[in-house]
Amino acid sequence: MTKVEPLAVLRPSSAKDVAQLVKAAYESSHGFTVSARGHGHSINGQAQTGTGVVVQMSGVGSGGKPRVWGGDMYVDVWGGELWIDVLKSCLAYGLAPKSWTDYLYLSVGGTLSNAGISGQAFHHGPQISNVHELDVVTGKGELMTCSKEQNPELFHAVLGGLGQFGIITRARISLEPAPQRVRWIRVLYSNFSAFTKDQEYLISLHGNQKFDYVEGFVIVDEGLINNWRSSFFSPRNPVKISSLGSNNNGGVLYCLEITKNYHESTAETIDQEIEALLKKLNFIPTSVFTTDLPYVDFLDRVHKAELKLRSKGMWEVPHPWLNLFVPKSKIADFDRGVFKGILGNKTSGPILIYPMNKNK
């Protein structure tokens, strides 16, 4: 792998610094490239350049702290702010953003340049559907404010635009009252059709009689359920895949992962609400795994896995990731061809699978 080093690194203290750099590049007779870097998680090298300047958007001294507007239920944040820090700032006001990614140590500008998808997206839409307004530095070095009403073409181009239409320096993000606790539940399926049917049913529900988070993952390795999210299961109570009826299914199991948010004042009714929802699902009856934890701990759950990998020196090694949107009409074919075909039992990495509502 060839190491790429930029000609220089800019650590901006304001959007004006970013605008001046981009304008200088645009007006230069020779020209040079400018790449914005948040926390360095771009999947195709967009955050790096060997022929120009990297703008280090995340880090100490960049942009300023999030500003929470409690009465208006939104927060203004610097494009390089990490979502974990946005969460902490909002929780001080009893508020939180509505839609998340599974991993919070990503920059706001980075995820908004993609989509920002997790288990809440079926209800609230991806993160890009929960933005009121942006400040953007365009390719000419102009600092522009945009929204659905003001410069809408730029607004919609930048959200999910992979950084091709400008650098996000500020985002105004919608908030909601933050729950205090989360009931986190996993149930297992050996039948793919039943698994996807239940997932699709759950994302069709509205109002309070629904789960707040719906995801799922595929388990293709044999023996213990011991993959990326195994910390959920108690090591004192190991679960054999063979004991859960997957022998006639190519050794493949499917895990539905769901949560119900609540406040301590409503803790007395949470069990009944969950029981009523679970009664309508067709999972393996002996496979219900439940835990209860603070809201912030659930949202920041993947960071614990990161710390384990760092302690073993494995975090910095390449770990490729691929996201695919598969049409509902083809998902059964995908299961047969990929989960039960190509993969076999040759992978222990995470394979997430969950449906999305297109109208969100």
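Among contacts in the chain between residues at least 6 apart in sequence, 71% join residues at least 24 apart, a contact being a pair with heavy atoms within 4.5 Å. The structure is a predicted model, in which local features need pLDDT of at least 70 and side-chain atom pairs count only at pLDDT 80 or more, whereas totals for chains, interfaces and linings use all residues. Residues are numbered from 1 along each chain as its sequence is written, and side-chain values use heavy atoms, with hydrogens and water left out.

The chain has 10 helices and 13 strands, which are DSSP runs numbered from the N terminus (helices H or I, at least four residues; strands E, at least two). Of its 360 residues, 47% are buried, where buried means under 20% relative accessible area, exposed over 50% and partly exposed in between, with a 1.4 Å probe and protein chains only. The chain exposes about 18800 Å², of which carbon and sulfur atoms supply 52%; accessible areas come from the Shrake-Rupley method with a 1.4 Å probe, and for residues only the protein chains shown count as cover.

Grid points are joined across faces, edges and corners, and a volume is the space filled by probe spheres set on the points.

The second largest pocket holds about 520 Å³ of space. Its lining comprises 26 residues, of which Pro-179, Asn-208, Asp-212, Asn-261 and Tyr-262 are the closest to the centre of the pocket. Two or more lining residues come from each of helix 4 (121-124), strand 9 (167-177), strand 12 (253-262), helix 7 (267-278) and helix 8 (295-299), and strand 12 gives the most, with four residues. Both domain 2 (67-177) and domain 3 (181-352) supply at least three residues to this lining, the domain bounds coming from an automatic or database domain assignment. By residue class, the lining of this pocket divides into nine nonpolar, 11 polar and six charged residues; Ala, Val, Leu, Ile, Met, Phe, Trp, Tyr, Cys and Pro count as nonpolar, Asp, Glu, Lys and Arg as charged, and the others, Gly among them, as polar.

Across the whole structure, two cavities of 30 Å³ or more are found, and the largest cavity holds about 40 Å³. Residues that line the largest cavity include Trp-83, Leu-112, Gln-127 and Ile-173, and its lining divides into five nonpolar, four polar and one charged.

Gln-127 is also among the residues touched by Ala-115, together with Pro-126 and Ile-128, not counting residues up to four places away in sequence. Ala-115 lies in the loop between helix 3 (108-112) and helix 4, and counts as buried because its relative accessibility is 18%. Although Ala-115 and Ile-128 are 13 residues apart in sequence, their C-alpha atoms are 5.5 Å apart in space. Glu-306, in helix 9 (residues 301-311), likewise counts as buried, at 4% relative accessibility, and touches Tyr-103 and Trp-315, again not counting residues up to four places away in sequence.

Most residues other than glycine have a negative phi. Met-73, however, has a positive phi near 60°; this residue is in the loop between strand 4 (67-69) and strand 5 (74-78) and is partly exposed, at 26% relative accessibility. Leu-162, in the loop between helix 5 (152-158) and strand 9, also has a positive phi, of about 60°, and at 46% relative accessibility counts as partly exposed.

Notes. 1 Å grid on protein atoms, 1.4 Å probe; cavity = no way out; pocket = protein on both sides within 12 Å on 5 of 7 lines; lining within 4 Å.
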